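Please look at the sequence and the 3D structure shown below, and keep both in view while reading the report that follows.

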Amino acid sequence: MANESTLRFGAQTDEVTSLLRIVNMVRTGEAVTRPEIGRVTGLGRGVVAQRIDRAVEMGFLEDAEYAPSSGGRAPRTLRFRAERGRLVVCALGGLHIHVGVTDLAGDILAETHRAWDIATGPDETLAAATALIDGLLQADDGTAVWAVVVGLPGPVDFETGRPVAPPIMPGWNGADVRRVFEDRYDAPVWVDNDVNLLAAGERARRRDEAVDLIYCKVGTGIGAGLVSRGRLHRGANGAAGDVGHVRVPGSEHVCRCGKTGCLEAVAGGWALVRDAEAALSEGATGMLGEISASGAELTPEDIARSAERGDPLSISLIQASARHVGEALAALVNMFNPSVIVIGGAIASAGELFLAEVRHRVYELSLPLATRDLVIKTSENDVSEPVRGGVDLAREQLFEVSLPRWFGEGRPTLTAVHGAAAAV
């Protein structure tokens, strides 16, 4: 049963609204002293003191060091108690699982990963993922998990946390991924497309901007995350940005989704491996031939690294992929008009070789007005990118979207965040 405090917070009075705002101001660093909070909010000194005392009592804030004096008595700063909870991110890719644990400020405390084929199916995959998470949490100090974010390499219905007809994930359609993690960690869970996590990570680097951004991941598959005025755009059914299955004119390659001529079937990592193996069987030589002759299976990473080292076959494959990706992105640029395009993924790790061809096609095929201020760059290529992006998504959902619903409880709960449906 909701206690009196919860009911009062649920009423969203002016008192509650100002208290929530003050906690978020300290959390984000917008204002961290009592005088600063008074100036920004317009609240009187007594009211500010009362709200802060309440936030301290509830465990959200505490006094910290003194700020520099501006002539009088130095004011005491406040700090958000980020150590009170843990955020967990589980990023599932086509061929890997990457998990991380952070505090509420987003500072990574631990992370690990392992190779894994997503086509193994939901039961075994989620068991493997939770085992990795459990290992990290067992090594932690027992602090409660406040939220979990899961990234999947396919379309996701964000409201239900279920994958929707994912092309490379047999057996996953409609799987209740969110419930698996909720039952295990007793915390609210958000499930999203894996590229949206990467887009959220890039957004976090530009937190002060209402950025319009496209993150295009060119790895084993191809997908895009869209950020519009600082907000992730998922579309009506979670399919926004699924550029990997745009038709490439003239292509007859069969895609893993079952359709013919998809961008992914021409320019994705698995397609480049297919084309490389075909070329080698016809007598091509070079670095890829040496790798194949050693008995190792070719990977998209092998092609990207060999292209950087000057291997002619790899260079031709990378440039062809970049040309097709650039043409698809040009259509998105004309429609979406982003200010930034970030290219990431295994194939894009070929760097300037890939990026130069993408830029050429985008600027050639897009409207001049749409490209006038456009920046096209590669990602930071940080292995922790999925964790950082997932944490940004978790903090957005906890502190910007659902905070009024659970604040009175002192920490997020399933019923407060997701509503009555979570308790069914």
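Leaving aside its neighbours within four places in sequence, which residues is Ser 251 in contact with?

## A serine in a loop

The model discussed here is predicted. In this model, Ser 251 is found in the loop between strand E12 and helix H8 (263-267), and the residues in contact with Ser 251, once its neighbours within four places in sequence are left aside, are Thr 260, Gly 261 and Val 266. Ser 251 counts as buried because its relative accessible area is 8%, and buried means under 20%.

In soluble globular proteins, nonpolar side chains tend to be buried together. The largest nonpolar core here has 49 residues, and the members that touch the most others are Phe 60, Phe 80 and Trp 406. Helix H2 (residues 14-28) gives the most to this core, contributing seven residues.

Five strands form an open sheet with mixed pairing, and their order is E12-E11-E10-E13-E14. The edge strands, each of which pairs on one side only, are strand E12 (231-233) and strand E14 (375-378), and the twist from one strand to the next averages 25°. Within the sheet, strand E10 (residues 213-218) and strand E13 (residues 340-344) run parallel and are joined by five bridges, and Tyr 215 stands opposite Val 342 in E13.

Helix H12 (residues 312-336) packs on the sheet, where it touches E10, strand E11 (222-228) and E13, and its direction makes about 160° with that of E10. Helix H13 (residues 352-365) lies across E10, E13 and E14, and runs at about 160° to E14.

## The second largest pocket

Rolling a probe the size of a water molecule over the atoms shows where empty space is left. The second largest pocket holds about 460 Å³ of space and is lined by 20 residues, of which Arg 27, Ala 204, Arg 207, Asp 392 and Arg 395 lie nearest its centre.

Which helix supplies the largest share of the lining of this pocket? That share, eight residues, comes from helix H15, while H2, helix H7 (194-205) and helix H15 (385-401) each supply at least two residues of the lining.

Key
Residues are numbered from 1 along each chain as its sequence is written. This is a predicted model: local features need pLDDT of at least 70, side-chain atom pairs count only at pLDDT 80 or more; totals for chains, interfaces and linings use all residues. Side-chain values use heavy atoms; hydrogens and water are left out. A nonpolar core is a set of buried Ala, Val, Leu, Ile, Met, Phe, Trp, Tyr and Cys residues joined through side-chain atoms within 4.5 Å. Buried means under 20% relative accessible area, exposed over 50%, partly exposed in between (1.4 Å probe, protein chains only). Helices (H or I, at least four residues) and strands (E, at least two) are DSSP runs, numbered from the N terminus. Two strands pair if DSSP finds at least two bridges between them. Axes are lines fitted to C-alpha atoms, for helices over the stretch in contact, and angles run from 0 to 180 degrees between N-to-C directions. Contact means heavy atoms within 4.5 Å. On a 1 Å grid over the protein atoms alone, a cavity is a set of points where a 1.4 Å probe fits but cannot get out, and a pocket is an open set with protein on both sides within 12 Å along at least five of seven lines; lining residues have an atom within 4 Å of a point. Grid points are joined across faces, edges and corners, and a volume is the space filled by probe spheres set on the points.
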